[in-house]
Amino acid sequence: MAFYKRSHAGYRRLLPLFLVIFSVALVLMLLIRKWSISDFSYIDVEEESYSFPSSSMETDNRILLNFGDFEPKLPKMNDFAISLDRRNFLPPRNIDLFPNLAENHIKIVLYVHNRPQYLQVVLKSLANMKGIGETMLIVSHDGYFNEMDSIVQAVRFCQVKQIFSPYSPHLYSDSFPGVSKGDCQHKDDPSKKNCSGDADQYGNHRSPRIVSLKHHWWWMMNTVWDGLPQTRMHSGHILFIEEDHFIYPNAYQNIQLLVKLKPEKCPDCFAVNLAPSDVKSKGEGWESLIAEKIGNIGYTFNRTVWRKIHAKAREFCWFDDYNWDITMWSTVYPSFGTPVYTLRGPRASAVHFGKCGLHQGQDKISACIDNGEAKFELENFDKVPNINIDWPVYVFKNQEGYRAGFKGWGGWGDHRDRELCLSFAYMYHSSDALTNRRDVSKHS
């Protein structure tokens with residue numbers, strides 16, 4: 001009995017020591033966890049796989065982003081946006097006509113706005129492109145326009161997958177990302193107009209119609225590479241084109257050749273292109289491959305390059321220019337630290353057509369396609385592969401154009417646009433965003 005009393009008293013004397021040791025251990029564990037998360041900005045991680053419905057856009061290869069104390073936040077979708085987002089979960093069409101995709105095929109992404117006549121031209125050119133039946137066409141819509149949707153639904157020449165940006169400013173008439181009540185417009189002075197908003201470097205406030213260009217491109221890139229079940233595990237190249245690009249019959253065969261030649265002919269090239277970076281040029285016609293800066297017509301790259309772009313999300317989203325391509329040329333590519341070249345042939349396999357500006361070409365009567373007509377003269381060598389695997393590579397250095405130091409054309413000064421843009425980068429890589437998408441799909 002005496003022994004029991006002494007032991008019990010000893011335990012009581014040691015209890016405070018045990019509590020101190022436990023508290024110190026707990027603090028060390030929390031600090032180690034904090035350091036392990038904050039000491040990197042971009043790494044591949046393995047996380048628990050969420051049990052989403054089979055139709056949802058979950059991702060297996062998550063990227064842990066860390067942009068300081070930024071907290072990603074996506075706007076609340078309205079009912080119509082939710083209905084469009086449900087369509088994003090649908091499988092591709094025409095699988096009955098084209099049940100199998102070719103091995104090592106290059107998927108094609110066509111991003112569109114609201115120019116029906118343009119869309120008909122580019123789709124007709126794709127229908128005549130050799131090899132189109134062995135791949136998948138993904139059409140990314142900036143918002144929803146009934147005629148644009150109907151035109152795409154009529155496509156029967158390959159597998160087709162449609163996606164709609166549910167955060168397009170065109171879908172929100174009285175709230176952000178559209179126009180919110182009390183928003184400043186044009187060059188309004190907030191103190192005099194009693195309005196809110198951040199002006200760009202030239203004193204202009206946001207225009208939803210303008211900012212939708214950059215938002216759509218960035219949403220599309222994140223969704224295609226990291227969201228869609230059809231592409232999120234795709235290890236090959238993806239070709240990106242726009243609704244005002246006319247694609248030659250030999251384009252797909254040429255892009256396949258260039259992708260195969262790139263590791264040997266230009267191992268430091270980041271991409272391959274269907275056309276020169278100078279949109280007015282149809283090529284030099286030399287017996288040589290060309291390495292030059294990446295153009296915005298028919299550009300093709302793989303997931304490794306996408307990861308480098310994705311890691312520069314803050315640079316992309318904070319640059320005061322509403323154009324995605326000028327943003328890339330002026331801040332993202334220069335931040336890579338090495339020359340960013342693309343490989344292409346000496347003759348264009350795609351061209352930019354028309355003289356329309358931003359979001360024009362909708363009106364059937366006054367549609368702006370080179371004075372109302374879309375005429376393209378194709379030579380015989382535009383209809384067959386015209387790249388020789390034995391050609392050398394000519395490198396264009398110090399080309400003119402946008403580069404590091406350019407301040408941008410503005411239109412992208414509002415903090416809400418910048419934060420929405422950066423939230424898109426987290427969209428498929430954070431628990432909160434994935435949970436949000438799971439909730440949407442549950443109501444599908």
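The crossing of H6 and H8 is left-handed, a term used if the near helix is turned anticlockwise from the far one by less than a right angle, with right-handed used if clockwise.

This is a predicted model, in which local features need pLDDT of at least 70 and side-chain atom pairs count only at pLDDT 80 or more, whereas totals for chains, interfaces and linings use all residues. Residues are numbered from 1 along each chain as its sequence is written, and side-chain values use heavy atoms, with hydrogens and water left out.

On the H6 side of the pair, Trp 218, Met 221, Asn 222, Trp 225 and Asp 226 meet Arg 303, Trp 306, Arg 307, Ile 309 and His 310 in H8, contact meaning heavy atoms within 4.5 Å. Sorted by class, this contact of H6 with H8 has five nonpolar, two polar and three charged residues; here Ala, Val, Leu, Ile, Met, Phe, Trp, Tyr, Cys and Pro count as nonpolar, Asp, Glu, Lys and Arg as charged, and the others, Gly among them, as polar.

Leaving aside residues up to four places away in sequence, Phe 240 touches Val 109, Tyr 111, Met 220, Met 221, Trp 225, Gly 298, Tyr 299 and Phe 301.

Asp 149, in helix H4 (residues 146-153), counts as buried because its relative accessibility is 4%, buried meaning under 20% relative accessible area, exposed over 50% and partly exposed in between (1.4 Å probe, protein chains only). Not counting residues up to four places away in sequence, Asp 149 touches Arg 87, His 141, Tyr 144, Gln 162 and Phe 164.

Some backbone details lie in loops. A cis peptide bond, with omega about 15°, joins Phe 176 and Pro 177, and Pro 177 is found in the loop between strand S5 (159-164) and helix H5 (190-193). His 186 lies in the loop between S5 and H5, where its phi is near 55°, a positive value in a residue other than glycine; at 61% relative accessibility, His 186 counts as exposed. Asn 398, in the loop between strand S13 (393-395) and helix H11 (415-426), has a positive phi of about 55° although it is not a glycine, and at 75% relative accessibility it counts as exposed.

Over the whole protein chain there are 12 helices and 13 strands, taken as DSSP runs (H or I, at least four residues, for helices; E, at least two, for strands) numbered from the N terminus. Of its 444 residues, 51% count as buried.
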